[in-house]
Amino acid sequence: MTAVIDPQAELDTPLLQDNVQLIGGEWVPAASGETIEVINPANRQLLARIPRGTADDVDAAVKAAEQALPAWRDLNATARASLLYRWATLVEENAEVLDQLESRDVGRPHWGPSPVPGMLRFIAGQADKVHGVSLPTYSPDVMGFTVREPFGVVGAIIPWNAPGPMFTNEVAASIAAGNTIVIKPAEDAPLAPLALAKLAMDAGIPAGVVNVVTGYGSEAGAAIPSHPGIRRVGFTGSPATGSIVMEACARNLIPLHLELGGKSPQVVFPDANLSAAAPAIAAGITMNTGQICAAGSRVVVHRSVHQEMVERLAEAMQKVTVGPWHQQVNMGPLINGRQHERVMGYIEAGKSGGADLVLGGGVPSGEAFGDGFFVNPTLFDNVKPDMKIAQEEIFGPVLSVIPVDNEEEAVAVANGVDYGLVASVWTEDVGTAVRMSRALEAGQVGVNNALGAGVIGGPFGGYKSSGFGRTMGADAVQNWTQVKTISMRGATRPGN
Ligand code: NAD
């Protein structure tokens with residue numbers, strides 16, 4: 001077990017070195033020598049310096065990944081799986097430090113056991129289950145079948161809100177399929193990804209299979225989908241950036257998956273168990289300070305239970321304690337100043353747009369909050385479906401309650417946004433649950449749960465502007481492969 005990091009002390013763990021990124025198995029600074037400061041969002045103090053990677057660093061990483069590719073691709077799939085299992089064990093052994101790195105970087109209080117070891121083991125279990133099919137042929141001399149092969153060198157770009165799981169999602173599935181990868185973590189939260197990459201090396205995953213280039217999106221990030229050596233891309237982040245990344249992929253004619261934002265509805269029917277729904281919805285919008293793509297940010301509630309629901313939500317959100325991650329609190333700060341301004345801007349839009357502010361709406365004051373990017377859990381009532389706060393992703397702890405009169409209107413309001421990531425329905429009636437599960441336009445539907453109820457191996461991804469492609473499910477590894485059809489004519493029988 002590695003030692004736990006003292007929350008007040010300088011960052012000190014063998015999993016991290018100062019100002020280096022991982023290229024071809026070497027921990028190196030940026031080619032330019034420039035650095036980026038990573039800030040603790042709870043107090044704006046310097047956490048670490050990381051390399052400001054650019055296109056030159058991405059190019060070096062692609063070359064390293066190209067060099068590592070033949071041996072990794074040709075390693076048998078069971079051996080690749082074994083290395084991923086070993087990686088999972090090391091992650092588990094270092095769970096506490098990894099958790100604290102991510103907490104410091106994102107500002108999030110401990111949110112329970114890390115999902116990363118389980119994610120790695122799930123993917124490892126799929127590595128040797130990638131197979132093709134046999135095909136009928138016109139002649140007995142011919143055999144036909146398909147094989148699935150890796151794309152080659154692939155790229156990924158991830159956001160800051162859950163850096164460890166996001167890193168694992170893209171890296172584990174792509175390398176399990178035999179690809180080698182160049183990944184760029186978000187400039188705001190690169191520490192857990194760098195530490196996970198160190199553990200991948202320690203597990204024996206060969207040099208050059210996993211390359212991590214740190215840097216800004218417009219520099220290192222933009223260089224990944226536009227690099228001619230990259231054969232496929234995975235992007236998780238905002239729709240605006242997703243569209244830029246997709247354009248770059250289009251220019252190079254390479255495929256990608258996009259995991260984008262959400263404006264997830266929580267549809268509450270009169271027969272719902274409100275005492276279960278309210279705290280779950282409050283927890284869903286305040287966990288990670290509302291910075292979760294899946295967060296249920298709109299409560300679409302039947303008018304007959306509207307008032308009671310608002311009271312229960314206010315009560316539950318009032319109990320959410322706010323503070324720095326290492327204290328016994330439920331909710332930390334937002335990630336950075338830009339995000340803080342953005343969330344406060346939406347709160348102002350809610351007020352000026354005519355919604356009723358029930359709770360929050362400001363920043364907490366007091367010594368504990370210092371210069372941190374804190375905001376109070378905020379509840380708006382009587383929100384109209386076309387208001388800005390009901391349509392756009394806020395990515396903060398701001399919940400909008402929209403009363404409706406019947407199921408038809410509930411469906412229209414729930415689906416009446418550009419996004420389609422997650423949707424929940426709260427009801428005790430199985431008929432309502434079935435109808436709503438079919439009617440809601442979302443990649444994931446929860447019945448009587450706000451953020452998914454711990455399904456193992458559920459594919460994750462969006463409908464509409466929330467993106468396309470799926471990660472995490474049984475097809476996660478296959479998605480990083482391409483299909484080859486082989487027709488094989490054998491030698492004609494002697495004498496014929
Ligand atoms: P973002 O789009 O600003 O940044 C995401 C990543 O893209 C970062 O690494 C960033 O450096 C990089 N980037 C920025 N500009 C780029 C460019 N021009 N070219 C290439 N890369 C570039 O998003 P964010 O603010 O980091 O994350 C929040 C968003 O992510 C929200 O919309 C959230 O819903 C979404 N998200 C989605 C999922 C999902 O699975 N669907 C999961 C987590 C977050």
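A cavity is a set of grid points where a 1.4 Å probe fits but cannot get out, and its lining residues have an atom within 4 Å of a point. In this predicted model, the structure holds 5 cavities of 30 Å³ or more.

| Cavity | Volume | Lining by class |
|---|---|---|
| Largest cavity | about 150 Å³ | 9 nonpolar, 3 polar and 3 charged residues |
| Second largest cavity | about 80 Å³ | 7 nonpolar, 5 polar and 2 charged residues |

The largest cavity is lined by 15 residues, and Leu98, Asp99, Glu102, Ser114 and Val116 are the closest to its centre. Helices α3 (95-106), α5 (163-176) and α6 each supply at least two residues of this lining. The biggest share is that of α3, which gives 4 residues.

Around the second largest cavity there are 14 lining residues; those nearest its centre are Gly262, Ala295, Ser297, Glu393 and Phe395.

Helix α6, which contributes to the lining of the largest cavity, also packs against another helix. Helix α2 (residues 77-93) and helix α6 (residues 191-202) pack with their axes 9 Å apart, at an angle of about 130°. Therefore α2 is oblique to α6. The crossing of α2 past α6 is right-handed. On the α2 side, Trp87, Leu90 and Val91 take part in the contact, and they meet Leu196, Leu199, Ala200 and Asp202 of α6. By class, this contact has 6 nonpolar residues, 1 charged residue and no polar ones.

Note on methods. Residues are numbered from 1 along each chain as its sequence is written. This is a predicted model: local features need pLDDT of at least 70, side-chain atom pairs count only at pLDDT 80 or more; totals for chains, interfaces and linings use all residues. Side-chain values use heavy atoms; hydrogens and water are left out. Axes are lines fitted to C-alpha atoms, for helices over the stretch in contact, and angles run from 0 to 180 degrees between N-to-C directions. Angles under 35 degrees count as roughly parallel, over 145 as roughly antiparallel, 65 to 115 as roughly perpendicular and the rest as oblique. A crossing is left-handed if the near helix is turned anticlockwise from the far one by less than a right angle, and right-handed if clockwise. Contact means heavy atoms within 4.5 Å. Ala, Val, Leu, Ile, Met, Phe, Trp, Tyr, Cys and Pro count as nonpolar, Asp, Glu, Lys and Arg as charged, and the others, Gly among them, as polar. On a 1 Å grid over the protein atoms alone, a cavity is a set of points where a 1.4 Å probe fits but cannot get out, and a pocket is an open set with protein on both sides within 12 Å along at least five of seven lines; lining residues have an atom within 4 Å of a point. Grid points are joined across faces, edges and corners, and a volume is the space filled by probe spheres set on the points.
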